[in-house]
Amino acid sequence: MRNIDLNASVQKLKVQLQKYHASDIATVFKDHEDYRMKIFQALGVKMFKHVFVLLDEDIQIEFFDELTKEQKQSMLKFLDTKDIKAFIDLHEVQKQIFIISLLQEKTKNEIMQLFTYEVDSSGALSSPHFVNLSNTLTVKEATHYVTTEVTEKDELDVIFFHDQDDLYKGAIPLQELIIARANQSLEKLINDQYPFVYSDDPIELAIKKIRDYDIEIIPVLDHDHKQIGIILLDDALTIMDELHTETITSLVKAHTVSDTDSALKRSMNRLPWLVMCALLNIVIVSSLSGFSNVLETNVALILFQPLILGMAGNIGTQSIAVSILKLQNQPQLFKKDVFFELGIGFLNGLISGVLGGGFVYAFLNILLNTYTDMNLVALVVSLSIFISMVLSALFGVLTPMILRKFNLDEKAASGPLITTINDFFALGSYFIIAAIILLA
């Protein structure tokens with residue numbers, strides 16, 4: 001990108017920019033505010049649209065406001081409907097009305113239709129740019145239409161078909177249409193089992209079908225079984241990424257800070273709970289120091305502390321993550337939630353305990369075959385894994401419940417607390433069981 005001469009004439013700049021990808025040009029556009037209009041003029045609206053959709057939202061708004069009315073209309077003319085909808089969503093109602101007024105009548109109707117769908121529905125994510133032909137056509141007729149009538153906005157990877165009543169009948173990948181015989185009837189080629197979603201189906205269902213059926217485009221139908229749009233794989237992946245990011249940020253409380261917040265502010269958001277856990281760890285060390293005689297007489301126990309802590313920590317983290325996610329959608333957790341997680345902890349603990357005990361016994365036999373209490377140490381580890389996993393699963397669901405009850409933020413506190421609680425009960429149960437079995 002260093003070879004771009006932004007001081008060159010508009011015509012020469014256009015030649016330079018044509019060598020680069022839209023994402024690279026978007027970076028230059030972002031970094032050189034004084035040359036934005038010149039880059040826009042050099043590319044032309046038709047090429048600039050690919051750059052515009054890659055810009056940060058604030059830059060999109062700022063630059064769009066700098067354009068003349070005619071330039072705004074031209075820009076909107078070349079943008080895909082879904083991109084226009086996304087851009088309109090960035091503005092307040094009055095500005096939204098103004099932008100919609102700049103649209104061509106057909107696009108305006110498409111946008112207004114998108115606004116009628118629920119935000120998290122498949123209809124809201126759908127694009128009206130698809131090819132839908134009659135199933136009575138021949139291959140030659142369908143191919144002729146595809147090559148002569150479609151616009152550059154239309155997605156051509158999959159061609160969809162309807163019957164004489166305009167009802168959805170299925171689809172054919174473009175590649176199969178091209179290699180089919182010219183006089184062949186389409187009805188024999190159309191895949192009538194091609195998956196679809198309804199406009200009011202949740203976006204998650206569309207994403208699941210795209211993934212399960214390994215397809216790049218899924219049609220969206222209304223409840224009269226007429227096709228109203230399509231959802232692209234790229235759009236589904238974007239939404240999936242946003243959903244995962246939202247889930248992660250809700251778990252780590254990242255939504256409470258912004259990019260403009262100072263490091264000090266972010267630190268103070270987390271520090272109190274970290275300090276509390278540090279103090280609790282000191283208490284743990286003090287309370288467990290009484291088991292020093294157990295370790296002195298059975299040094300092999302030290303080898304398996306990470307195993308106990310790891311298994312307890314893993315199931316505790318899983319349990320608390322599930323519990324916090326449930327609390328995002330409901331005001332509180334119920335007894336059934338507690339018993340469900342406890343049941344999972346019991347089963348996983350039982351299986352892991354048996355396998356862990358077997359692993360420890362084999363390990364001691366292979367590497368420490370002079371150790372006399374191999375079977376007892378294996379039993380200690382097995383029981384400790386079982387008990388610590390059951391307790392960790394239980395505390396994983398109880399911790400956010402208790403914090404929520406006392407109006408504390410379970411997302412900020414649960415992570416550090418569950419780690420400390422897991423360590424205490426995992427090591428405590430380990431040493432208590434070891435003392436009972438090995439020192440008896």
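Helix H14 gives the most to the lining of the largest pocket, with eight residues, where helices (H or I, at least four residues) and strands (E, at least two) are DSSP runs numbered from the N terminus. The model is a predicted one, in which local features need pLDDT of at least 70 and side-chain atom pairs count only at pLDDT 80 or more, while totals for chains, interfaces and linings use all residues. Residues are numbered from 1 along each chain as its sequence is written, and side-chain values use heavy atoms, with hydrogens and water left out.

**Confidence**

- The protein averages a pLDDT of 83, and 85% of the residues score at least 70; pLDDT is the predictor's confidence in each residue, from 0 to 100.
- Confidence is lowest in helix H14 (residues 233-252), at a mean of 67, and highest in strand S4 (residues 197-198), at 95.

**The largest pocket**

- About 1500 Å³ of space lies in the largest pocket, a pocket being, on a 1 Å grid over the protein atoms alone, an open set of points with protein on both sides within 12 Å along at least five of seven lines, and a cavity a set where a 1.4 Å probe fits but cannot get out.
- Grid points are joined across faces, edges and corners, and a volume is the space filled by probe spheres set on the points.
- The lining of the largest pocket comprises 44 residues, of which Lys82, Asp83, Ala86, Leu125 and Asp235 lie nearest its centre; a lining residue has an atom within 4 Å of a point.
- Among the elements that each supply at least two residues of this lining are helix H4 (45-52), helix H7 (81-88), helix H9 (105-115) and helix H13 (203-213).
- By residue class, the lining of the largest pocket divides into 21 nonpolar, four polar and 19 charged, with Ala, Val, Leu, Ile, Met, Phe, Trp, Tyr, Cys and Pro counted as nonpolar, Asp, Glu, Lys and Arg as charged, and the others, Gly among them, as polar.

**The cavity**

- The structure holds one cavity of 30 Å³ or more, and about 30 Å³ of space lies in the largest cavity.
- The largest cavity is lined by Asp80, Lys82, Ser127, His129, Lys153, Glu155 and Leu232, a set that divides into one nonpolar, two polar and four charged residues.

**Aromatic pairs and charges over rings**

- The structure holds 18 aromatic pairs, in which rings of Phe, Tyr and Trp (its six-membered ring) have centres within 6.5 Å, with planes under 30 degrees apart counted as stacked, over 60 as edge-to-face and the rest as tilted.
- The rings of Phe40 and Phe63 have centres 5.4 Å apart and planes at 65 degrees, so this pair is edge-to-face.
- Because Phe40 lies in helix H3 (residues 36-43) and Phe63 in helix H5 (residues 57-66), the pair ties together parts that are 23 residues apart in sequence.
- Phe40 counts as buried at 3% relative accessibility, as does Phe63 at 1%, where buried means under 20% relative accessible area, exposed over 50% and partly exposed in between (1.4 Å probe, protein chains only).
- The rings of Phe160 and Tyr194 are also edge-to-face, with centres 6.0 Å apart and planes at 80 degrees.
- That pair links distant parts of the chain, 34 residues apart, with Phe160 in strand S2 (residues 155-162) and Tyr194 in the loop between helix H12 (174-179) and S4, and both Phe160 and Tyr194 are buried.
- One aromatic cluster is formed by Phe29, Phe40, Phe48, Phe52, Phe63, Phe64 and Phe87.
- The charged end of Lys85 sits over the ring of Phe115, 4.8 Å from its centre, and that of Lys209 sits over the ring of Phe196, 5.7 Å from its centre; the term requires NZ of Lys or CZ of Arg within 6 Å of the ring centre and within 35 degrees of the ring normal.

**Residues with positive phi**

- Asp214, although it is not a glycine, has a positive phi of about 55 degrees; Asp214 lies in the loop between H13 and strand S5 (217-221) and is exposed, with a relative accessible area of 70%.
- His225, likewise not a glycine, has a positive phi of about 70 degrees; His225 is found in the loop between S5 and strand S6 (227-232) and counts as partly exposed at 25% relative accessibility.
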